[in-house]
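Subject: Structure for you to look through

Hello,

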Amino acid sequence: MSETAASPVPAKASGLAGGLLGRLDGVLLTLVAGAVILWFLPVGMGRYGTYVLTLWLVTAIAVMGLNLTLGIAGLKSLAQGAFMGIGAYITAILGTKLGIDWYTCFALSGLACFALGLVLGFPALRVKAHYLAFVTLAFSTLVWLVLRNEQWLTGGTFGISNIARPTLFGLRTDGALAFHRFVVVVTLILALALWWLVRSPWGRAFLALRENPIRAASLGIDIRAYTLLAFAIGSAYGGFAGALYAPLVEFIDPTPFALSASFMLLLMVVAGGSGYQLGPFLGALLAVALPEWLRFTGGLYLIVFGIVVLLLLIVCPTGILGLLDRGWTALKARFGASDGSRP
Amino acid sequence: MAELVAYIVAGLATGAIYALAAIGFTLVWQTSQTINFAQGEYVMLPAILILAAVAFLGLPVWAAAILGAALFVVVFGLGFKLAVVDPMIRHGVLPLAIATMALAIIMKESAKDFFSSEAQTFPSPFPAGAVDVLGVSLSLQHIAIIAVAFVAIGALQWFVTATRTGRQMQATAQNPGVALILGIPVARMVMLTFAINAGLAVLASVLISPIYLAKFSNGDVIGLFAFIAAIVGGFNQVRGALAGGLIVGVVDSLAAAYISSSYRLAVPLVLLVVIILVKPEGLFGRREERRV
Amino acid sequence: MTTMSRARVLALGAALALTAAMPGSAQERVKLINVVELSGAGATAGTQWRNGIDLAVADINARGGILGRQIDIVHYDTQTNPGNTRAAVQRAIDEGTYSVLGPVFSGPIGASMQIAQRAEIAQIVGGEAAGLTRQGNQFLFRTSLSQAAAMPKLATYLKDTVKASRIAVVWVNNDFGKGGRDAMLPELQRRGIQVALDVSTEQGQADFTADAIRIRNANVDAVFVYLNEDESARFLLAARQQNVNKPMIGETTLLGARVIQLAGEAANGARGHVGLSIDAPVPAFQDFGRRYQARFNIASDHNGLKGYMAVHMIKWATERMGRFDRKGVADTLRGATITPQMEPGILITTKIEANGDLDRESFLAEVENGQQVIKATLPMINP
Amino acid sequence: MTRPVLEVSGLAKHFGGVVAVDGVSFTVNEGEILGIIGPNGCGKSTLFNCILGQLLPSAGTVRLDGMDVTGATPEAMNRQGVSRTFQLLQVFPELTVRENLILAGQEHRGSMLSRLFGPGDAGLTAEADRMAEVFRLGHLTKAKAGGLSYGQQKLLDAAMAFMAGPRLVLLDEPAGGVNLTMLADLKERLRAMNVEHGATFVVIEHNMDFVMSLCTRVIVMVEGKVLMSGTPAEVRADPAVLDAYLGH
């Protein structure tokens with residue numbers, strides 16, 4: 001079972017249930033198994049370890065979205081950090097000022113980012129896909145300015161504190177472990193939704209517009225609609241991640257959503273393996289957990305981190321999973337293919 | 001009126017710095033499709049290297065400047081090309097762009113951890129003070145920056161259009177494939193553009209550090225503005241990058257003067273978006289080939 | 001197969017975290033963890049704070065430690081990011097820190113103060129924003145005056161000494177600058193001083209020329225400058241270049257040794273209110289300044305002093321209790337007055353309010369010929 | 001009896017001062033296989049791109065089943081039942097043969113919503129496999145398209161053009177670079193599609209034998225203009241054609 005299959009696996013059966021069975025594959029199994037492991041992993045780990053694990057998952061959600069936009073559909077967005085910020089602020093403001101429950105805030109965060117993605121993508125993608133990078137660069141900084149300047153709404157540089165954590169069936173998730181498990185479930189649901197999406201005809205269309213938009217258009221694929229959707233759905237995942245980030249930290253201010261955050265998220269997509277479904281988890285692990293583990297190197301840990309990332313990219317520009325994929329292919333070639341995909 | 005002139009001159013001075021950074025940016029983009037997200041750090045670091053040479057080696061400033069500049073051009077011009085760009089370029093624009101982000105982290109953190117987390121004074125090659133021109137008080141340093149930047153860019157333009165090597169470089173930038181067929185040493189020309197990029201960064205660094213003070217975090221703003229300048233001017237033209245830098249500098253200065261200063265940063269960005277919507281190839285860019 | 005490898009990676013992480021969380025083997029040592037901005041926007045302030053702490057720990061350990069126990073100091077960088085700060089403070093507590101030191105920026109403090117509060121551990125911070133001590137947190141302590149305490153002194157100075165009636169305010173748009181400005185404006189209004197020009201600048205801003213021209217052209221009596229040290233120096237340089245001949249009034253961040261060092265001649269004439277300054281007419285401060293310069297080859301700003309005092313606050317409280325008691329540190333500090341006679345490392349008599357605010361003497365100073373000259377000493381607000 | 005499917009009249013395309021297509025008019029009738037030949041650079045591919053919306057024509061009209069579709073987008077043209085291949089190979093190398101075929105057909109099935117929530121193959125696996133079989137690729141459905149031989153990729157490219165059950169197929173040099181055996185296969189398959197499914201074709205081709213043996217009618221283009229049109233026999237016999245093209 002290869003976890004590295006980026007390309008959609010066609011289903012044999014039709015219908016939702018049959019489709020699910022037909023689509024059973026390495027990615028799905030890894031996601032479910034990973035969720036089970038992560039459910040139990042923090043037991044006895046201390047709140048710090050649990051917190052870092054949770055932060056990793058929350059970051060991975062934002063990276064998953066960007067991976068759809070960039071890795072699958074090939075659109076360069078420099079605003080994923082800003083979308084995360086919009087989600088976090090919607091959740092924090094509605095939650096603390098209006099007392100709206102987390103689930104509504106979560107849905108609204110995703111929805112708002114989806115809508116903003118459409119509004120932003122429409123003019124940007126009018127001419128050429130790579131102008132999206134420039135427009136989102138500007139958007140990112142503008143969002144940050146609004147978050148910082150409009151103190152009446154966002155708390156400005158002082159941020160918003162005391163953001164409540166959600167309750168699930170009357171159970172509170174205030175504790176580190178309870179919230180971690182809550183995030184594991186949400187992450188699994190979002191990852192499964194994306195997994196389904198990538199294997200649907202939509203996913204195939206996204207891939208086609210990344211690989212060869214002119215050919216895709218000649219096959220009747222509505223380039224503009226799919227491009228906008230890929231960007232908007234990816235952005236919505238940024239919003240979802242933000243909606244979890246706010247109650248995780250219980251405090252937000254504009255700094256984690258600045259342009260540099262969008263750059264870091266981009267780095268995570270590429271370093272993990274752009275286009276691979278499990279890449280975002282590895283990329284986020286690299287960016288969230290590696291600096292924490294590197295703290296033993298003392299004050300120079302960020303330099304070490306930078307060097308590790310630089311070397312990683314020089315050695316395998318297609319990211320960690322790209323490297324594994326190549327290795328796996330080489331192994332298969334040596335020992336002969338055992339599964340259906342003959343070369 | 002006098003006030004307006006002062007704002008514009010100040011804007012032109014910072015704009016000239018952005019232009020130097022943006023020109024290097026477009027040069028490496030043209031010859032090797034490299035988007036250097038460490039461009040701001042490229043302008044930050046030379047001044048730090050020079051100061052470090054003064055502090056740790058006890059060199060006089062002029063010797064430190066020569067050593068620092070040479071070291072920088074070798075390591076971050078040629079070394080960058082060989083060690084980072086060459087192994088990655090065939091995998092497309094994105095992994096390389098991300099690698100330059102990592103490079104930016106390394107440069108910035110190294111400057112901070114191995115030299116100083118604080119701003120440092122940097123000796124000015126030009127006298128302080130101001131001159132009165134038609135009733136407008138203009139800073140000598142600003143005028144000197146504008147003059148030096150223009151001379152440098154003029155020299156670059158001359159080199160590119162009037163010398164054999166320069167024309168070869170230009171041919172390489174426009175079409176490496178054809179250049180190769182014409183017998184132009186493409187690899188050496190590409191190398192040359194990386195060296196020129198590093199050289200321009202050194203110049204920009206030496207020019208601004210007396211005013212801005214040398215500090216590890218200086219690259220953040222300069223990098224962003226150089227990037228904006230390159231897009232505004234059109235990614236594929238030296239002339240465009242020059243104009244883009246100057247426009248962004250002046251717009252920023254005027255924005256600080258006449259528009260809510262907490263949204264000052266927004267003005268060049270809004271300009272950027274408007275230009276993308278109205279003239280996507282940049283103000284001075286060539287229209288890249290087409291699809292309806 | 002890959003599921004396995006991922007599990008193994010995570011298990012390894014868990015193991016690492018567990019080892020790290022195990023209490024230190026040294027029974028006769030005390031562990032202090034400093035969580036502070038060593039990279040990102042707060043790196044300059046955070047590095048000074050760390051240096052101050054390192055100097056304090058060296059001093060204390062050289063004199064036999066706290067109650068005979070040597071201090072083990074660990075610094076965790078926050079990248080000036082609230083999420084990372086929270087992780088680092090959580091880690092510090094999981095690793096059994098005796099008290100939490102830092103951070104300095106208000107945002108990261110806001111993100112982490114509940115954690116120390118929940119763990120009932122004292123957190124000694126470098127933040128000055130007025131709001132921090134208004135949330136009823138019994139475990140949060142400052143190391144400097146809050147802006148709410150400092151600004152009235154400055155407003156009075158502007159009114160009575162500078163005799164300004166129209167001023168320009170230049171502030172850095174981060175929590176420090178915005179907090180200071182927001183605390184200052186009502187004080188100015190109360191004293192009938194008009195703010196003719198309100199200039200917001202960016203953190204890390206390099207070019208202040210346009211701001212300086214604006215101020216030169218505004219018809220004001222004085223300029224209130226509330227920027228971080230490096231930006232203050234850049235602003236003073238730009239103002240001098242643009243011939244802004246108005247009195248520059250500010251706080252420690254305008255008059256400090258660092259600013260004078262950087263701005264050179266352009267700093268002359270700057271004046272205002274100084275809380276913690278190595279140039280203050282307090283021998284202990286000056287001695288600290290010399291030793292700091294000798295060790296780190298750089299002049300200390302107020303953050304260096306704050307870090308130094310933070311460790312000594314913990315030392316004093318522990319020795320006062322006569323035992324190591326995490327919660328007790330906070331209880332002992334609250335409402336205490338620490339004098340240099342009781343604890344030389346506190347440098348100046350410091351009164352800790354019930355809410356964690358501080359009260360101290362402070363100074364009015366002016367920069368003359370590249371030196372900070374103290375013109376007057378202001379008494380404590382509630383002695 | 002024979003209805004015109006595609007009517008092109010006065011179509012022109014200028015690039016700056018260069019006239020690539022200069023007032024071309026022709027009609028394609030249902031069930032016809034129309035060949036367009038001409039020397040390199042005579043504007044054949046530009047003509048295709050103008051008809052199919054890849055380029056905006058400078059002048060002239062394109063009608064499909066009598067409806068004016070001048071300047072419609074490529075995706076709109078495809079939805080109207082016109083599919084095409086490109087001169088240069090344009091399969092999706094990362095996808096398998098089956099997925100390439102599904103991709104070519106999926107936008108003609110169901111709605112956006114059913115494409116999201118419905119089966120991953122849009123119910124097209126069987127049809128894709130059948131089409132692969134038709135184009136002699138049945139044994140390769142699970143292989144990545146990038147790994148096929150050039151000729152096989154050309155077959156796949158052509159097969160993709162038929163997945164949507166098109167009214168009209170425009171093939172841009174389908175025989176280019178394909179070896180003789182494959183070529184016979186391809187020709188036979190195209191003819192079968194024409195006879196069995198009544199598909200209408202326009203073929204741009206250099207390979208004279210291929211065109212002459214496949215097409216029912218041939219247009220000769222020279223320097224952006226139509227030189228003549230007629231049956232293969234007529235074209236072969238025309239001295240002007242020989243002069244302009246065949247003679248050399």
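Below I go through the chains in turn, beginning with A and ending with C.

Please keep in mind throughout that this is a predicted model.

Chain A

Chain A contains 15 helices and four strands, and of its 343 residues 64% are buried. If you look at contacts in chain A between residues at least 6 apart in sequence, you will find that 74% of them join residues at least 24 apart. Just after α11(A) comes Glu250(A), which takes a positive phi of about 65°.

Chain B

Chain B has eleven helices and two strands, and when read along the sequence these follow the pattern α-α-α-α-β-β-α-α-α-α-α-α-α. The C-alpha trace of chain B spans about 55 × 55 × 35 Å along its principal axes. For 292 residues, a compact globule would have a radius of gyration near 19 Å, and chain B has 19 Å, so it agrees with that expectation. Buried residues account for 59% of the 292 residues in chain B, while 73% of the contacts between residues at least 6 apart in sequence join residues at least 24 apart.

Within chain B, helix α4(B) covers residues 93-115 and reaches 32 Å from its first C-alpha to its last, which is close to the 33 Å expected for its 23 residues at 1.5 Å a residue. Since 19 of the 23 residues of α4(B) are buried, the helix is largely enclosed by the rest of the structure.

Chain C

How is chain C divided into domains? The domain assignment gives domain 1 (2-145 + 285-352) and domain 2 (147-274 + 362-378), so that each is made up of two stretches of the sequence. The C-alpha centres of domain 1 and domain 2 of chain C lie 30 Å apart, and 13 residues of domain 1 are in contact with 19 residues of domain 2. On the side of domain 1 that touches domain 2, the helices α2 (43-62) and α4 (106-118) of chain C each supply at least two residues. By class, that side of domain 1 of chain C has seven nonpolar, four polar and two charged residues.

Strand β14(C), residues 362-368, pairs in the antiparallel sense with β10(C), residues 271-274, over four bridges, and Arg271(C) has Glu366(C) in β14(C) as its bridge partner. β14(C) also runs antiparallel to β15(C), residues 371-378, to which seven bridges join it, and here Val367(C) stands opposite Gln372(C). β14(C) and β15(C) form a hairpin with two residues between them, and in the turn Asn369(C) has a positive phi of about 50°.

Elsewhere in chain C, three strands form an open sheet in the order β11-β12-β13, with antiparallel pairing. Its edge strands, each pairing on one side only, are β11 (337-338) and β13 (358-359) of chain C. Strand β12(C), residues 350-352, pairs with β13(C) over two bridges, and the bridge partner of Lys351(C) in β13(C) is Asp359(C).

With best wishes

Key. Residues numbered from 1 in each chain as written. Chains lettered and ligands numbered in written order. Predicted model: local features only at pLDDT ≥ 70, side-chain atom pairs only at ≥ 80, totals over all residues. Buried ≥ 20, exposed ≤ 12 C-beta atoms within 10 Å, placed from the backbone. Contact = placed C-beta atoms within 7 Å. Pairing = 2+ DSSP bridges. Domains from an automatic or database assignment. Nonpolar A, V, L, I, M, F, W, Y, C, P; charged D, E, K, R; others polar. Expected span 1.5 Å × (residues − 1). Rg over C-alpha atoms; globule rule 2.2 N^0.38 Å.
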